[in-house]
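Thanks for making time this morning.

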Amino acid sequence: MARVLSGVQPSGRLHLGNYCGAIQQFVELQREHELFVFIASYHALTSTQDADTLRQHVREAAMDALAFGLDPERCVFYRQQDVPQVTELAWLLSCVCPKSLMDKQVAYKDKVDKGLSASLGLYAYPVLQAADILAVDPDVVPVGKDQKQNIEIARDLAEKFNRVFGQTFTVPEGRYRQDGAALPGIDGEKMSKSYGNTINVFEPEKALRKRVMKIVTDSTPVEDPKTPETDVTFQLFSAVAGADDPATSELAERYRAGGMGYGHAKQSLFELLMDRFGAARKRREELAEDPGHVERVLADGAERARAVIGGVTERARKAAGLA
Ligand code: ADP
Ligand code: TRP
């Protein structure tokens, strides 16, 4: 059984793109692998510098992920801040990290261009990410393609540390999700919080329906045949139902046949969302009403994470002469 680790940076509610792009995969992985998933709260501090907002984002990410089906009985689910050993590992790694390796990263420059403050924390973000990863000895790290450089840095740092101090860290493999899988938002651009075009399946029913009805369409008249593949509503339907699902082929037929307006397609998408996420929506409400339960789940996850991470940290301290 392979050990798998991934992290989610909390920056607000998890949207349908986050689910299809990441959480759904974690839910599948937890069935057959030893899965570690954490909420990257220390990383979030590089962009969210308001205590109440950060707390809220972490809480929401936790509740959303649990509602979507991350099962604390089957995976180790924890908050980064509950395992401060990773910051010690980050320091050990930063002492073998050539500064030139950080100079080469594109994410830092991109984020500063987008308005994030050019802090040392933002600059060293990949070292902390390497620490998160190497801390649990994972075999595989599944992430979006945009994370490839950070995974390569983690691998480089593991190798460098092992060369300098002797075999300490496992060198993990990255597993990258396909680019083509990026889900469009209601305006047709990539669904992203930063574009304000997301669909949040945990919204109240009325608001969710309104949101779906806002999805962009072209101006093909109702009676004309339509092309499903290029239509955002269809793309979302297909992503949620599955490209091979009979309901998807049936909807594609209705597009091609003509006589169906986009409003009908949107209604079908809305009904699909209510159906597919009905149980998750109910769970999300229950979790919101029981913060004590969420807290206990996270505390238990942190304890299990610390048991593993504490061991790896001790190994690294010994290798470096600090123990
Ligand atoms: P956002 O763009 O909304 O800020 P993040 O960058 O926090 O989202 O993404 C968190 C995770 O969700 C990443 O693993 C990313 O690959 C995935 N993800 C985000 N948006 C999409 C999308 N539109 N389609 C597929 N996956 C996505
Ligand atoms: N940088 C990742 C992102 O923005 C989040 C993250 C932090 C992460 N530490 C990680 C992902 C470790 C995988 C492994 O999505």
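Let me start with Asp 300, which is partly exposed at 38% relative accessibility, where partly exposed lies between buried, under 20% relative accessible area, and exposed, over 50%, with a 1.4 Å probe and protein chains only. Please keep in mind that this is a predicted model, in which local features need pLDDT of at least 70, side-chain atom pairs count only at pLDDT 80 or more, and totals for chains, interfaces and linings use all residues. Residues are numbered from 1 along each chain as its sequence is written, chains are lettered from A and ligands numbered from 1 in the order in which they are written, and side-chain values use heavy atoms, leaving out hydrogens and water.

Asp 300 forms a salt bridge with Arg 304, their closest N and O atoms being 3.4 Å apart; the term means a side-chain nitrogen of Lys or Arg within 4 Å of a carboxyl oxygen of Asp or Glu. Arg 304 is itself partly exposed, at 30%.

Which residue forms a salt bridge with Asp 64? That is Arg 13, with 3.5 Å between the closest N and O atoms. Asp 64 is buried, at 0% relative accessibility, whereas Arg 13 is partly exposed, at 27%. Arg 13, Asp 64 and Arg 284 are linked in a network of salt bridges.

Turning to ligand 2, a polar side-chain atom of Asp 132 lies 2.8 Å from one of its nitrogen atoms, and a polar side-chain atom of Gln 129 lies 3.0 Å from a nitrogen atom of ligand 2.

Technical notes:
Polar contact = N/O pair within 3.5 Å; in protein donor to acceptor, adjacent residues only side chain to side chain.
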